[in-house]
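Me: Please go through this structure with me in short questions and answers.
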Amino acid sequence: MLPAMLSLGVPLAAILLSLVDLRIGVLFVAAFIALTLVRAVRGGVDALRGFRRMRLAVRVDWAAVAVETEGAVRRVRAGPKVPVAQLLGPATRALPEPFARAHHAFLRRLAAPGAADAVPLPSELVHAVIVAAYNEPFEVIEPSLRSLAASSGAERLVVVFAYEERGGAAMRERAVRLRHAFAPHFAAFLAVEHPAGLPDEIAGKGANITYAARRLRTWLQLREIAPTDVMVTTLDCDNRVHPHYFANVTYAFVRDADRARRSYQPISTFVNNLWHAPAPTRVVAAGNTLWNLISTVRPFTLRNFASHSQPMDALIDMDYWSRRTIVEDGHQYWRSYFHFDGRYGVTPIHLPVSQDAVLGASLARTLRAQFTQLCRWAYGASDIAFVGVRLFAKDRRAPFGGTLARFAALLDSHVTLACVAPMVAFGAWIPIVVGSLSGGAGTPLAMLLREAGSASANGAAWATHALGIPVSSAVEAVRASAFAGSAHWNDRFAAPPFSAAQLAAELPGMVGTAQRFALLGVAVTIVLTMLLTPRRPAHVSPMRGLGMLAQWVLLPATLLCYNTASAVVSQYRLLVGAYREHFEVTEKRAPASPRASCTESEHALPVRERVGESH
């Protein structure tokens with residue numbers, strides 16, 4: 001209820017303030033636009049920072065860093081105090097900033113008496129990866145598992161392929177086929193079918209991965225692997241991890257002092273199929289990628305999103321993920337935060353995990369699927385009530401100040417999503433329309449009409465003289481007598497030198513100037529998107545590249561029709577109590593390629609073959 005009321009309250013406040021005093025209404029809108037511009041500039045700067053940090057992280061050999069870190073821990077454990085400089089190896093010595101600074105701080109902490117005994121060894125950490133799927137085609141899932149097989153330390157990964165019974169026999173066949181293809185690359189491959197219709201569940205990703213995690217726990221118990229030594233990563237079936245992602249998570253886990261109360265968040269980039277997705281979804285995907293880049297350099301507001309990693313013992317302690325929510329990833333942050341009494345945080349992993357942009361079987365289905373996905377994400381506004389209730393509870397254990405700040409940031413993010421784009425596009429006209437309801441020459445609308453008429457006459461006269469086009473002999477007369485006429489009309493359209501109405505009339509021009517300045521932020525978005533876009537596939541026409549540039553004319557439309565509309569729809573549902581009880585899976589489809597593999601039916605294995613685990 002609260003986010004919907006505030007999102008509606010912003011334009012309503014502009015209307016009411018303009019009715020009370022036009023000057024206050026103008027100042028309110030101007031302040032809102034100015035604040036939005038400042039945020040846009042800050043976002044552009046943080047996007048560049050996030051991109052730079054990602055480029056630096058990609059160049060680091062995190063597997064070597066993890067090995068050298070283990071050597072440092074063993075040396076400190078084994079003997080007398082060792083100087084920090086002697087604990088560095090070639091890889092850790094070559095770490096760029098800010099990673100080098102963080103590593104030196106870790107080594108200084110490691111040198112404290114007894115500290116090394118509490119630090120786990122990187123080689124003892126087991127990575128379990130839960131890949132969630134519903135009914136996606138083999139061609140979508142296979143590259144994701146291939147990326148896992150290409151990861152450093154893949155032979156030590158425990159992969160859990162969590163698929164839905166609702167996917168039917170075809171999905172069961174895919175699980176068998178994937179197990180046969182990839183089990184030899186991993187320490188273990190478990191295919192876990194999530195039964196349909198279990199009680200107290202909303203059929204969706206949260207319930208699926210929770211069921212798979214419980215099966216994983218049983219598997220670990222049988223092999224006497226302690227949950228404290230296991231890191232669980234959840235991936236969507238179209239996610240492709242960076243080769244050093246697990247090594248980087250291992251290093252970050254070892255380095256964190258309060259590691260049991262941390263989760264690890266990579267940068268989700270929606271670029272896998274960018275060359276094949278239609279222009280509107282490419283623009284939306286670029287915006288989502290940009291936001292994830294920005295989030296990694298804002299630790300206070302960084303939240304769990306899509307793929308992330310969390311220690312197994314913490315997951316067991318809090319009963320894994322929510323089985324009753326649509327947005328299980330963002331909600332997991334708040335479940336963890338309150339479960340650990342506010343002592344919980346998200347550590348950024350500055351490596352990409354690439355995902356697909358929305359791509360359906362047709363343009364219409366793609367556009368609909370994109371809106372459905374954004375509505376599901378925007379339904380994260382339901383967390384506002386979850387946090388608010390616990391913030392003001394009498395038995396609250398999380399610190400009030402920190403929780404209040406996080407609550408305000410959460411509320412602001414959803415209200416901003418719903419109202420910024422329409423306010424920037426149309427907000428400047430609110431004082432004009434409201435101030436003109438009384439009529440007369442001194443109103444903003446009359447002033448705009450007078451200026452527009454004068455500008456039109458001046459433009460026509462310029463064309464006549466400069467271009468030599470004999471438009472009409474009346475042009476000069478029109479120019480000289482713009483809004484001229486009887487004394488009655490002259491009086492009505494005579495405004496004072498400066499008034500509230502005149503200020504309101506100037507507001508669209510001022511906002512237009514701010515919008516042109518904000519184009520610098522759009523330019524940053526375009527450049528970063530081009531740098532993040534994969535190399536053009538050989539079968540894609542070079543002309544497609546022109547479309548990748550021309551697509552940005554759709555940015556205003558996508559902001560209004562997708563971002564704003566999805567937020568408004570989700571907040572309206574919460575306002576009227578039309579709660580989501582069904583997880584709508586985003587359609588995923590592999591792009592057509594002349595090098596596509598043979599059809600699934602040609603490789604399908606018999607359904608009677610048991611789907612289980614492989615060692």
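Reply: Buried means under 20% relative accessible area, exposed over 50%, and partly exposed in between, with a 1.4 Å probe and protein chains only. The model is predicted, so local features need pLDDT of at least 70, side-chain atom pairs count only at pLDDT 80 or more, and totals for chains, interfaces and linings use all residues. Residues are numbered from 1 along each chain as its sequence is written, and side-chain values use heavy atoms, with hydrogens and water left out.

Me: Is Asn-292 buried or exposed?
Reply: Asn-292 lies in helix α10 (residues 279-295); helices are DSSP runs of H or I with at least four residues, strands runs of E with at least two, numbered from the N terminus. Its relative accessibility is 11%, so Asn-292 counts as buried.

Me: How many residues of strand β2 are buried?
Reply: Val-158, Val-160, Ala-162 and Glu-164 point one way from β2, Val-159, Phe-161 and Tyr-163 the other way, and all are buried. Strand β2 (residues 158-164) is therefore largely enclosed by the rest of the structure, the buried count being seven of the seven.

Me: Which residue of β2 is the bridge partner of Ala-133?
Reply: Strand β1 (residues 126-133) pairs with β2 in the parallel sense over six bridges; pairing requires that DSSP finds at least two bridges between two strands. In β2, the partner of Ala-133 is Tyr-163.

Me: In which handedness does α2 pass α15?
Reply: The axes of helix α2 (residues 22-58) and helix α15 (residues 400-426) come within 11 Å. A crossing is left-handed if the near helix is turned anticlockwise from the far one by less than a right angle, and right-handed if clockwise. The crossing of α2 and α15 is left-handed.

Conventions:
Axes fitted to C-alpha atoms, helices over the stretch in contact; angles between N-to-C directions.
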